[in-house]
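Start with the structure itself.

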Number of protein chains: 2
Amino acid sequence: MAPAGLLDAFWGYERALMANDLVALDGFFAPGPQTLRADAGGILVGHDAISAFRRGRGGAPARTIGDVHVRRITDDTAVVIAQTLPSTGGRGQQTQVWCRTTDGSWVIEAAHVSQPAAAIAAAVWRVVGSPLVAGAASGPLVGQTVAVKDLFAVAGFATGAGVPAFLAARAPAGDNATVVAELLAAGASVQGIAQTDEFAYSIAGRNAHYGTPPNGAVPGAIPGGSSSGPASAVALGQASIGLGTDTGGSIRVPASYQGLWGLRTTHGAVSRAGMLPLAPSFDTVGWLTRDAATLELAASVSVDAAAQRSLEPSFVVDPSLVALATPEVQAAFASAVAGLSVTSVDLGDPDELVEAFRVTQAAEAWMSDGAWVDAHPGALGSDIAARFAVAKGITEGQALAGASAFDGARAHLDRVLGDRILLLPSASSAAPSTTAEGAELEAIRGSTLRLTCIAGITGRPALSVPLMTVPVETTAAAPVGLCLVGPRYSDLALIALGAALMAPLVE
Amino acid sequence: MAPAGLLDAFWGYERALMANDLVALDGFFAPGPQTLRADAGGILVGHDAISAFRRGRGGAPARTIGDVHVRRITDDTAVVIAQTLPSTGGRGQQTQVWCRTTDGSWVIEAAHVSQPAAAIAAAVWRVVGSPLVAGAASGPLVGQTVAVKDLFAVAGFATGAGVPAFLAARAPAGDNATVVAELLAAGASVQGIAQTDEFAYSIAGRNAHYGTPPNGAVPGAIPGGSSSGPASAVALGQASIGLGTDTGGSIRVPASYQGLWGLRTTHGAVSRAGMLPLAPSFDTVGWLTRDAATLELAASVSVDAAAQRSLEPSFVVDPSLVALATPEVQAAFASAVAGLSVTSVDLGDPDELVEAFRVTQAAEAWMSDGAWVDAHPGALGSDIAARFAVAKGITEGQALAGASAFDGARAHLDRVLGDRILLLPSASSAAPSTTAEGAELEAIRGSTLRLTCIAGITGRPALSVPLMTVPVETTAAAPVGLCLVGPRYSDLALIALGAALMAPLVE
C-alpha cells in the first residue's frame, strides 16, 4: 500500500514534468545540497544543480507512465519505480525516493531516470555495425574494436569529414585507408565510422550537423576534437581503439578532455594514404585508447619499429607554456612532474610560435577544402565557416612569410629540444562546458593551440597520458592529460615511458 | 554524513557482486514480495524474482565504483547513488535504497541499475547509421525511420539473411530492393539493416550468431521472428517502421509478441524484387509499426491502391483454430470479439492444413537455400539446420502430393471464407520465455503455424492488431495480436478496419 498522499504527489510531479512547469518541478525536489538525480549523463548533486539541468534542457521527452510499483519504507518514506513509455517508443524506468515533509507534502530526495537506448548515438557515430567490418581471424588485435574517424576511407563507405553535404556527393571508397587495413589485418574489427568536427578544422568537438558527442568523463562538457567521435566512443566503452588524426591537437585535446591515452605520431611516420588532408605539413595519424597496453598494440601495427628510436628520460619544461594553462592545471602539472628531474627551457614567444603554425595550417586547409567550401555556401556550421573565411583571406605574401616563420620555428625548436622530452599540459584547461560561449571557447582554443603547436611545428610525436585531474563543478575531478613531446620517431618509446610514469598511480 | 554502518554494507554488497556470491547477494536484498530492482530490461518485483534473475545471468559485468553519493533520509534509511565504471569502459549509475533492519544490518529495499549504452544492439541490428540511407526530402514518410530486415537489398550493402558465413561471401547490392526504394522515395530514411532468423526459416526470433533481440514488451521473452530485428527495433523505439517478410507468420508473430501492428500483404501484391526468397509460393512483404496510422502510410507507398478492394465487416471464426491457443489467449480472444457479429465456420482439420503448408514451404526452402546449406556444414544454428535437414529429406513424391494438398486446401479455404474476414489470434500464446526448452518452443510453433498458415495457403493479407493482453509472470500484461485475414487485395481496407476496432480501446 502506498502511504497516504504519495500517489497524488507522484502524478502531480508527472503532470508538472509533461508541462515543463519548472517552478512546480523545483518544488517537488527536496531543497538542499544533497538531493540527487542520476541519468545516463551522470549524477547531479544538489537541488540547484538539478534545477539548472532542468532549465537547460527545454522539457522532458513526451511520455506516459506504465506499471507503477511502490515500495513503502515508512509512513513518511517510499520508493516509486515506474515504467515510462516515451511517445517515440520503447520503455524507460524511473526511480524516485519520496519523503513527507513536516508540512505534510511529499518531495523527492533522490531520483534515477533511464531512457530507452537509441539505435545509434548519432553525435558519436555516423554508421556502426556488429561489426561494420570484420578483422582477420588472428593477430595481436583480435577482440579490439575500432572507431574510425570519418576522415579515413573504409571500403564500401563514402568518407564524410563531418559534413553531410560533402558526404552526399562522395562515392564509396574502393579500398580501406592504409591504417584501417593494418588494424583489420592485425585482427581488430571496425565497429563503425565515428564523427569528426567539420573537415577536422577545430579542437572543440562540436558539429553543427550531428551534434556534440558526450564527454565520457565530464558530464555536460564538450568532448574535444576534431577526433571527437572516436574519443567519445572509446571513453563511453563503445570501442576500444579510436583511430584519429592530429593536425593541431585533434588527438591530444580529446584525450585530455576525456581521460584517454592519445598518441599523435611522428609526422610522416605512419601512412596517410586514404586519409582526407587538412594541412599536410602537420597532418598525422593517431590512436585513442583507455589504457597504454592497447595504445601500444594499435600503434605497433602501423609504426615501423625498425625506424623507431629509443629515449633517454631527459625532461624539459617551458614555464611560459605552462603559464598559459588555468591555475588548476598549472597546479596539477607541478604536482605531476614534481618527482621528475626537469630542466627549464625557453622555446620562444608562444604567440609567435602559434602564428607560425596557424598561417601555414590555414593556407593548407584552404588548399585542401577551399574550392568545396566556396562552392557550398551555407554547408558548414558558423564557427568552421568563419575559420575557413579567415583561411581564404590569407594572401600569398602572408603565406610565404608564414612558411618562412614555420621553417625558422622548427629549426629553433629542434635546436632547443634536441633529443629531450618536452613535458606540458595536453590542453590549457579541463573540458569546457557545452554551454560555454563562443568567445570563451576561442580563448581556450588560443591557449591550447599554443601548447599543441610545438609538436605540430616540429613534426614530433606527442603522447597524452591521463595523469592529471582538476576539480570542476559537475564532477569530483575532471581529467587533464600530461603531454610528452619526444624526438621524431620515438613514438613507441614514448608510450612505454608514459606507461612507466603512470604505473605508480594505478598500483 | 552516511548513517553508521551503511558504507560498510555498500562495499560488502559490491564485493559480493563482483564475486557473484549469490547467497550473500540474496541476503543484501530485503526479503518479501515488494522489493524492487529496475534496469534497462524492465522492473523486477519481489525478492524471489530478483534472486532468480541473478541466478540466471552468471555474474554481473566486472567494474569498479567511482563517485559515491549518499542521501541520508533517517538514521535507518539512506539512498546511495554510485557511479559504476565497467572494465569495458563507459560509466553507469546505480541507485540503492538501504534500510537498517531490527537486527541492525542494512538491506536494499529497491535498486535501479544503468549500464552504459553499447555502440549497437547487435542482436537487433547488423548495421545502423545516422541515418544509414537518407530518404527523399519530401513525401508522406518524411521523419519516419525504417529497420530493413536483412533479406532485402540495400544498395552498397551485402544481404546477410542472418547467416554470417552467407554474408561473408556476398557482394554489396547494386540497387535497393523495390520496397526499400519506395520507402526512401516517400521520404523515409533507412535507420539500419535489422537481424532476422537464419534464412527467415523460423518464427521464434532467435539467432545462433547474433543473439536473441530483446522483446520490447515482455522482459525476458523471445521477440518472435523471423522479422525479429525489425520488430524489436520498432518496439524499442529505435525505428518507426519495420520492413519485414512473412512466409509462415514472420510479421504476425513478432507483432503479436511485442504489441505491434503488423501487416502481411496479399501474396504477389507487393514487389519482392531484391528480396531473398524462402518459399516463393508464400513469401510476402510486410511492415511492423507502433500505430495504425504509420502502418497505413508505409503500406500505401508500396501497395497499388487501384488494385485494392473494399471490405464488408463480415467476420468469421473457426473454433477449432481458436482452441489451439492457450486458455488465456482463448479468453482474451472471446472478449476481443464479443462485441462483433461473428459467424462460425469450419476450415477443416488444422493438422491437414498445416501439413499442406509445411511440405511445400520446406520443398521450396530447400530449393532456395539447400545448395548453400549443403555446401556449408556447421554454418547454421542447430534448430535451423535441423529444419533444413527435414526439408532436404522431402522426396519428389512427397513434394508432388504436398503441392496437390496445397492446391486443394487453398480452393477449400477460399470457398469457405469467400469475401469474409477470418478472426483468430495472431499466435497461440504470448511470447514464450527465452529460457523455454526447445521442445516447448516446437510445440508452440506447431500451434501457431496452424493459425498463421491460413493466410499463407490462401495468399490472403493478414493484419495483426495489438488488441489483446494476457497475464504473464514477468509483467502486468503481455500482448497478443488479434489477426484479421481478409480477402486478397483488401490490405489497406484491413488496416482501416483494424484501426476502427482498436479505436474504442485507446480513447
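About 4500 Å² is buried between chain A and chain B, with carbon and sulfur atoms giving 57%. Buried area is the accessible area (1.4 Å probe) that two parts lose on being put together, summed over both. The model is predicted: local features need pLDDT of at least 70, side-chain atom pairs count only at pLDDT 80 or more, and totals for chains, interfaces and linings use all residues. Residues are numbered from 1 along each chain as its sequence is written, chains are lettered from A and ligands numbered from 1 in the order written, and side-chain values use heavy atoms, without hydrogens and water.

**Interface**

- Chain A gives 64 residues to the contact and chain B gives 64 (heavy atoms within 4.5 Å).
- Two salt bridges are counted between the chains (a side-chain nitrogen of Lys or Arg within 4 Å of a carboxyl oxygen of Asp or Glu).
- Glu109(A) forms a salt bridge with Arg71(B), with the closest N and O atoms 2.3 Å apart.
- β7(A) pairs antiparallel with β7 (residues 125-133) of chain B over three bridges (pairing needs at least two DSSP bridges; strands are DSSP E runs of at least two residues, numbered from the N terminus).
- Val127(A) has Gly129(B) as its bridge partner in β7(B).

**Sheet in chain B**

- Six strands form an open, mixed sheet, ordered β2-β1-β6-β5-β4-β3.
- β2 (42-45) and β3 (63-74) of chain B each have a single partner strand, so one side of each lacks a neighbour in the sheet.
- Eight bridges join the antiparallel strands β4 (residues 77-86) and β5 (residues 92-100) of chain B.
- Thr77(B) has Cys99(B) as its bridge partner in β5(B).

Technical notes. Helix = DSSP H or I, 4+ residues; strand = E, 2+ residues; numbered from the N terminus.
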